[in-house]
Structure formats: C-alpha cells, structure tokens
Amino acid sequence: VPLRIDTTPGLDLTETAFEGAEEETDGGLVLVTSVTGNAAEAGLQALDTIVGVKSVAGSTPFQANVNSCDLPTTATALQTAMTHALQNNSTEILLEMNRLIAGYYGAE
C-alpha cells in the first residue's frame with residue numbers, strides 16, 4: 001500500500017500479545033488502531049497489521065520486515081523509511097499489510 005508522507009500520515013498503532021507468543025522472542029502483534037488523512041485515503045483500516053516497510057527512492061532502497069516485531073521496532077522501521085524517502089526526494093513509502101477479518105463461529 002503506498003502511503004504519502006508529505007503531510008502527517010494519520011496512523012495510530014498499538015501492540016498486543018498474541019496466543020503462543022514467547023515474551024522474550026516474539027514482540028507481539030502491532031495493530032493499526034485508527035487511521036485519518038493520508039492513511040485513510042490509502043485504504044488502511046483499524047486492525048490491519050504492518051508486516052513490511054519500504055522506501056524505493058534513490059539508488060539504494062530501504063526495506064524492513066516487521067512481521068511479529070514489537071511496537072518500537074515497527075515505529076523505527078517506519079521512521080527510517082520516511083527519512084530515507086524524504087532524503088531521496090520522495091513523499092511516499094510502501095507498506096505491506098495483513099488485514100485481520102473478524103470470524104464468527106456458530107454453535108454446533
């Protein structure tokens with residue numbers, strides 16, 4: 001998903017534990033909690049998860065896999081991608097997303 005960064009992206013994140021996570025090795029699950037502005041225009045939704053961050057600007061692109069990373073690691077990857085893009089005269093980063101879909105189970 002391309003995300004414009006020429007103004008505030010409008011992306012709020014939170015970290016939550018997931019079943020089976022090892023506290024020392026698994027960061028938990030970073031969820032998008034709300035979107036406004038550029039993030040909403042890009043189609044991001046609450047409960048999306050960011051699994052990858054890229055800036056393809058310049059001769060040496062930046063890329064980070066943030067699947068199962070904690071919030072500080074994810075935030076650092078986002079900031080690094082934005083800085084990389086801006087230093088290379090770009091106003092866009094790319095996010096690889098997973099979308100959580102609520103499941104409903106009926107009684108059997």
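Is Thr-49 buried or exposed? Thr-49 is buried, with a relative accessible area of 5%. The points below set this residue in the context of the model, which is a predicted one.

1. Confidence. The chain has a mean pLDDT of 86, and 86% of its residues reach 70 or more. Among the elements of the chain, the lowest mean pLDDT, 86, belongs to strand S1 (residues 2-4), and the highest, 96, to strand S5 (residues 62-65).

2. Thr-49. This residue is placed in strand S4. Leaving aside neighbours within four places in sequence, Thr-49 is in contact with Leu-29, Val-30 and Leu-31, and also with Glu-96, Met-97, Asn-98 and Leu-100. Thr-49 and Leu-100 are 51 residues apart in sequence, yet their C-alpha atoms are 7.5 Å apart in space.

3. Asp-48. Strand S4 also holds Asp-48. Asp-48 has a relative accessible area of 1% and is therefore buried, the cut-off being under 20%. A polar atom of its side chain lies 2.8 Å from the backbone nitrogen of Gln-45. Not counting residues up to four places away in sequence, Asp-48 touches Val-30, Leu-31, Val-32, Gly-43, Met-97, Asn-98 and Arg-99.

4. Nonpolar core. The largest nonpolar core comprises 20 residues. Those with the most contacts inside this core are Ile-50, Val-53, Val-66, Leu-78, Ile-93 and Leu-95. Two or more residues each come from strand S4 (48-55), S5, helix H2 (71-87) and strand S6 (92-99). The greatest contribution is that of H2, with 5 residues. For Leu-95, the contacts beyond four places in sequence are Val-1, Leu-3, Leu-44, Ile-50, Gly-52, Val-53 and Leu-78.

5. Helix H2. This helix has 17 residues and spans 24 Å from its first C-alpha to its last, close to the 24 Å expected at 1.5 Å a residue. Its buried residues are Thr-74, Ala-77, Leu-78, Ala-81, Met-82, His-84 and Ala-85. These residues lie on the same side of H2 because they cover an arc of only 165 degrees around the axis. On the other side of H2, Pro-72 and Gln-87 are exposed. The packing partners of the buried residues are strand S2 (11-16), strand S3 (29-35), S4, S5 and S6.

6. Asn-88 lies in the loop between H2 and S6. At 32% relative accessibility, Asn-88 counts as partly exposed. A polar atom of the Asn-88 side chain lies 2.8 Å from the backbone oxygen of His-84. Not counting residues up to four places away in sequence, Asn-88 touches Ala-57 and Gly-58. The C-alpha atoms of Asn-88 and Val-56 are separated by 9.2 Å, with the two residues 32 places apart along the chain.

7. Asn-38. Helix H1 (residues 37-41) contains Asn-38. Asn-38 is buried, with a relative accessible area of 7%. Beyond residues up to four places away in sequence, Asn-38 touches Leu-3, Arg-4, Ile-5, Asp-6, Thr-7, Thr-8 and Pro-9.

Methods: Residues numbered from 1 in each chain as written. Predicted model: local features only at pLDDT ≥ 70, side-chain atom pairs only at ≥ 80, totals over all residues. Heavy atoms only, no water. pLDDT = per-residue confidence, 0-100. Helix = DSSP H or I, 4+ residues; strand = E, 2+ residues; numbered from the N terminus. Core = buried A, V, L, I, M, F, W, Y, C linked by side-chain atoms within 4.5 Å. Buried < 20%, exposed > 50% of the residue type's maximum accessible area, 1.4 Å probe, protein only. Contact = heavy atoms within 4.5 Å. Expected span 1.5 Å × (residues − 1). Arc of directions from axis to C-beta. Polar contact = N/O pair within 3.5 Å; in protein donor to acceptor, adjacent residues only side chain to side chain.
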